[in-house]
Amino acid sequence: MTNATKHIALVCPGGPISRELADNVADIAQKEHGDRVRLHFHDQCFFSCGHFAGTDTERSEALLAVANDPKFDAVWFARGGYGAARLDEQLFTKLNDYANRKTYIGYSDAGFLLARLHKENIGHPVHGPMPTDLPRNNGETAIKRVLEFLVSGDTSEIEPNALSGKPVAAFNITILAHLCGTDWLPDLSGHVIMLEDVAEYLYRIDRAMFTITSNPKIANAAGIRLGRVSDIPENDRPFGESDEELIKNWCARKNIPYLGRADIGHDADNKIVPFGATLCA
């Protein structure tokens with residue numbers, strides 16, 4: 001697009017958001033970037049159908065519409081929220097050349113979509129904050145981080161380990177475990193995989209890591225980095241290992257290099273991780 005103004009479409013692949021939240025995020029965009037950006041919240045973001053922001057069909061059609069629309073430069077998932085995996089699989093075969101040029105950004109359950117886009121080599125999937133992070137402590141900082149990345153091309157808030165030139169990918173641990181064994185999982189051989197999670201018992205993380213490290217599309221990864229595993233519930237007896245010890249254990253069992261920590265997580269400090277290889281400017 002030749003227009004200097006960046007047009008960013010927002011959809012909800014899972015649950016809905018409030019109009020108040022949308023207005024607050026739009027206000028931040030206006031104050032920070034003025035006419036250089038326009039946020040377009042699809043009406044579907046405010047639909048309600050049980051747990052979801054509209055029916056599976058409505059959510060699928062909204063994503064397809066904004067992805068294929070030449071007016072938009074990027075698609076920002078307004079909320080992760082359970083439901084992304086329920087979208088119509090055929091929508092990925094209907095994405096056009098305009099969809100292939102866009103950046104798609106989100107995390108948590110939106111990881112299902114980032115994974116499938118990466119597998120199909122469609123557009124530029126990015127693990128990063130979403131509008132629903134705004135109510136978190138320092139949530140405005142997370143919103144500004146994404147806007148700087150999308151509007152100004154600022155790479156200063158990219159997770160530093162994603163700037164090595166090696167291909168990278170980032171996922172919520174639980175989501176990546178659920179991707180294993182499906183047609184949505186990309187081949188992550190040679191990738192540095194960054195992992196995070198929230199509100200999961202350590203025994204569930206342990207179980208998920210068995211699945212993740214046993215998958216042949218992950219077994220030949222360049223290595224695993226651990227982000228923050230936050231709000232871990234107390235079990236009826238101590239697990240006996242820390243989150244990092246747990247991850248190191250599974251990496252050692254499966255001969256996958258453990259590369260240390262990553263600055264990602266379900267919090268306002270969640271840094272940006274573009275999928276694929278990104279060179280430091």
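The model is predicted, so local features need pLDDT of at least 70 and side-chain atom pairs count only at pLDDT 80 or more, while totals for chains, interfaces and linings use all residues. Residues are numbered from 1 along each chain as its sequence is written, and side-chain values use heavy atoms, with hydrogens and water left out.

Let me begin with the helices, which, like strands, are DSSP runs numbered from the N terminus (helices H or I, at least four residues; strands E, at least two). Helix α7 (residues 202-214) and helix α8 (residues 243-254) pack at an angle of about 25 degrees with their axes 10 Å apart, the axes being lines fitted to C-alpha atoms over the stretch in contact, and angles running from 0 to 180 degrees between N-to-C directions.

D243 pairs with R261, the closest N and O atoms being 4.0 Å apart, and the pair links helix α8 to strand β9, 18 residues apart. D243 is buried at 17% relative accessible area, whereas R261 is partly exposed at 35% (buried is under 20%, exposed over 50%, partly exposed in between, with a 1.4 Å probe and protein chains only).

Finally, R228 and D263 meet at 2.8 Å, N to O, and R228, D263, D267 and K271 are linked in a network of salt bridges.

Definitions and conventions: Salt bridge = Lys/Arg side-chain N within 4 Å of Asp/Glu carboxyl O.
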